[in-house]
Amino acid sequence: MSGFIDTLQFVFAPQIINGLSIGVAVVLMALGLTIIFGLLDVINMAHGEFYALGAYVGVTLMAIGVNFWVVLLLVPLIMAPLGYMTERLFIQRVFHQKDRHILTLLLTFGLAIVLEDVYKLIYGPQALSVKTPIGGGSEVLGVFFPNYRLFLMAIGAVIIVGVWLLVYRTSLGAMVRAAAFDKDMASSLGVPVSHVYAGTFAFGVALAGLAGVLLAPVYSVFPTMGKDFILLAFSVVIVGGLGSIKGALIAGLVLTQIQAISSLYISPSWTDPLVFAIMVAVLMIRPQGLFGRLGHA
Amino acid sequence: MRDSTSAVLGALPSRPVLQREDVARNVLRWFAYVFVALALLFAVIAQVHGDVFFFRLATEALIYGGFAMGVDLLLGYTGLLSLGHALFFGLGAYTSAVVLKGLAPSFWLALAVTLCVSTVVGAIAGIIAIRARGVYFALITFGMAEVLAKAVFNTQELGGSDGIIGVPVIKANFLFFTVDTGNAAHFFFLVLAVIMVFYFALEALLRTPFGRLVVAIKANEDRVPFLGFNAQRHKLGIFVIAANVTALSGALYPMLRGFVSPELLYFHSSGNAVITVILGGVGTLIGPLFGSVILTGLKSIIGSYTEHHLIVIGLLFMCSVMFFPKGIVGSLKGLVESWLARRKEQS
């Protein structure tokens, strides 16, 4: 019996908590993706690159001596206008055409290529490490964890709750949901739909940037850092249902837990295929994902 | 059968509509003739200068053009955007490399095995992917390619991250003569012939009832079953054919380079094919070949100044999506057609 508890404590608990800290990060990425899709019907292929951009902006600010906590506040404020401009300059142009799904996907894909190479040009291809702002560790359930990971989970939970409240409990969120549900009706009721679109894109981009800074001390910063994450984030969004905040949250936590626990039994290089297999299975049974989409719930 | 398939397009097309379609197809065929003529012209000039580098570069452009043709078959004719077509290109390249190195250095055997393997894998991948539509299809294909790339990267038997090196130079046997893949000029002609055979075969395929139905699926997928046709089966069929074309193009790659590496399977590779299709002209089949030549040339030129050529390519691609979504051949085709129509009115 005590052997079982020991296994639970020393084998499973660390995996579960590590999985949770990755899960929170993935959920932050997936939230931005799913909100942008839910409202604009745009698959943002450059989302991973915006995540990297957040990290690079953070690294640059820290290099000129700005405190990490101030950077954490500044990055979303810098990223949001960039996101707003991206929507206005590029996505608006193809948004009203017939096959806008594919055109916007291609456009953001082109943007991703450009951004990645720009990072290489400015910062070089090597990985930049970021000093952990909270050192040390604490004991949880008798196992030692870095404090920063615990902080990451806490702040991630705060952000997720914050986003949920913003979308479902404020009048701003109601405007966004109204525009997603029926843009003509929302427009005739006085919702500035095109600004809501650009604003939502900016919000998603700011979230990706914030995730980038938050994870920089854990994973270090390099030009393709977004790519390694984006497939997992897409799987999460698809399993949860494109456009669903609740779905992104639940699927994000469940899939990363499956990854964490299955890596005890299979080689870690096969955990990604496993998650993908789950995504395919979900798509075959429930093509719209587990939960409905933003504004349609 | 002809009547029933034309009914699929919604209404019975009147005579002028059919004529316009014929004109469009003939214009595209002329673009194909121009392409072959330009390729031969290039070969003559390169041969006179005794060049090897540009022959190799042009052969590579043709191979990537074949890859992109498979993507265009899905995107331009069926309305399915595949973001993971590198799966089949890499599959063909690896299969061919394994056959040439491990089994026998035979051109035809490599192509035959690739055809079989890509049919099986294409059918499995197709069954998974075609259930999904639009962006879901794009993301599933994207994911499948990523998974296979990771699997190959982690498989030591396939060389892992190094890939397979030392694929032998072979002699392709054509009964009356043989082509040495080590000879840059001869191999260029071989690849040109193979790719153009693909082009004309696909063009003929699209004229058959099967091909007309595939186009109908792009126009309105929901309407197809109401007319008594199985949309899913046709989608699967065209998916497998697109996989075959891309894999067979991939099979030529190790003959040119002598090695294959997991990079062929990466998203970068799939993305490149999509860029090629959009730049060249989506839904034209010949457009991707022009696109591939232009893109390969651009990369080579910009690459000699800076290693950051992707910034230029990416910006060009974004501009193309925003301002010239029809691509080069698509835009030119429109001009030629309206010129032909004007001339006809005058006469």
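User: Which residues have the most contacts inside the largest nonpolar core of this predicted model?
Analyst: In this predicted model, the largest nonpolar core has 201 residues. The residues with the most contacts inside that core come from both chains, and they are Met29(A), Ala30(A), Leu31(A), Ala211(A), Ala233(A), Val236(A) and Val191(B).

User: Which residues does Leu31(A) touch, not counting residues up to four places away in sequence?
Analyst: Leu31(A) is one of the residues with the most contacts inside the largest nonpolar core. Once residues up to four places away in sequence are set aside, the residues that Leu31(A) touches are Ile160(A), Val163(A), Leu207(A), Ile245(A) and Ala248(A).

User: Is Ala55(A) buried or exposed?
Analyst: Ala55(A) has its place in helix H2 of chain A, which covers residues 47-63. A residue is called buried if 20 or more other C-beta atoms lie within 10 Å of its own, and Ala55(A) has 29 C-beta neighbours inside 10 Å. Ala55(A) therefore counts as buried.

User: How many Å apart in space are Ala55(A) and Met225(A), C-alpha to C-alpha?
Analyst: Leaving aside neighbours within four places in sequence, Ala55(A) is in contact with Gly212(A), Val213(A), Ala216(A), Val221(A) and Met225(A). Ala55(A) and Met225(A) are 170 residues apart in sequence, yet their C-alpha atoms are separated in space by 9.4 Å.

User: Which element gives the most to the side of chain A that touches chain B?
Analyst: The contact between the chains takes 32 residues from chain A and 30 residues from chain B. On the side of chain A, the elements that give two or more residues are H3, helix H4 (100-123), helix H9 (225-240) and helix H11 (271-285). By class, this side of chain A has 24 nonpolar, 4 polar and 4 charged residues. The element that gives the most, with 15 residues, is H4(A).

User: At what angle do helix H3 of chain A and helix H13 of chain B pack?
Analyst: The contact between these helices is made by Phe90(A), Arg93(A) and Val94(A) of H3(A) together with Met318(B), Val321(B) and Met322(B) of H13(B), and by class it has 5 nonpolar, no polar and 1 charged residues. Helix H3 (residues 68-95) of chain A and helix H13 (residues 309-323) of chain B have their axes 9 Å apart, and they pack at an angle of about 35°.

User: How is H11(B) oriented relative to H14(B), and what word describes it?
Analyst: The axes of helix H11 (residues 267-280) and helix H14 (residues 327-346) of chain B come within 3 Å and cross at roughly 15°. Angles under 35 degrees count as roughly parallel, so H11(B) is, relative to H14(B), roughly parallel.

User: What radius of gyration does chain A have?
Analyst: Chain A contains 11 helices and 2 strands, and its C-alpha trace spans about 65 × 50 × 35 Å along its principal axes. A compact globule with 297 residues would have a radius of gyration near 19 Å, and the value for chain A agrees with this, because it is 19 Å.

User: What percentage of the residues of chain B count as buried?
Analyst: Chain B has 14 helices and 4 strands. Its radius of gyration is 20 Å, close to the 20 Å that the globule rule gives for 347 residues, so chain B is as compact as a globular protein of that length. Of those 347 residues, the share that count as buried is 47%.

Conventions
Residues are numbered from 1 along each chain as its sequence is written. Chains are lettered from A and ligands numbered from 1 in the order in which they are written. This is a predicted model: local features need pLDDT of at least 70, side-chain atom pairs count only at pLDDT 80 or more; totals for chains, interfaces and linings use all residues. Axes are lines fitted to C-alpha atoms, for helices over the stretch in contact, and angles run from 0 to 180 degrees between N-to-C directions. Two residues are in contact if their C-beta atoms, placed from the backbone, lie within 7 Å. Ala, Val, Leu, Ile, Met, Phe, Trp, Tyr, Cys and Pro count as nonpolar, Asp, Glu, Lys and Arg as charged, and the others, Gly among them, as polar. A residue is buried if 20 or more other C-beta atoms lie within 10 Å of its own, exposed if 12 or fewer, and partly exposed in between; C-beta atoms are placed from the backbone. A nonpolar core is a set of buried Ala, Val, Leu, Ile, Met, Phe, Trp, Tyr and Cys residues joined through C-beta atoms within 7 Å. Angles under 35 degrees count as roughly parallel, over 145 as roughly antiparallel, 65 to 115 as roughly perpendicular and the rest as oblique. The radius of gyration is taken over C-alpha atoms; the globule rule is 2.2 Å times the number of residues to the power 0.38.
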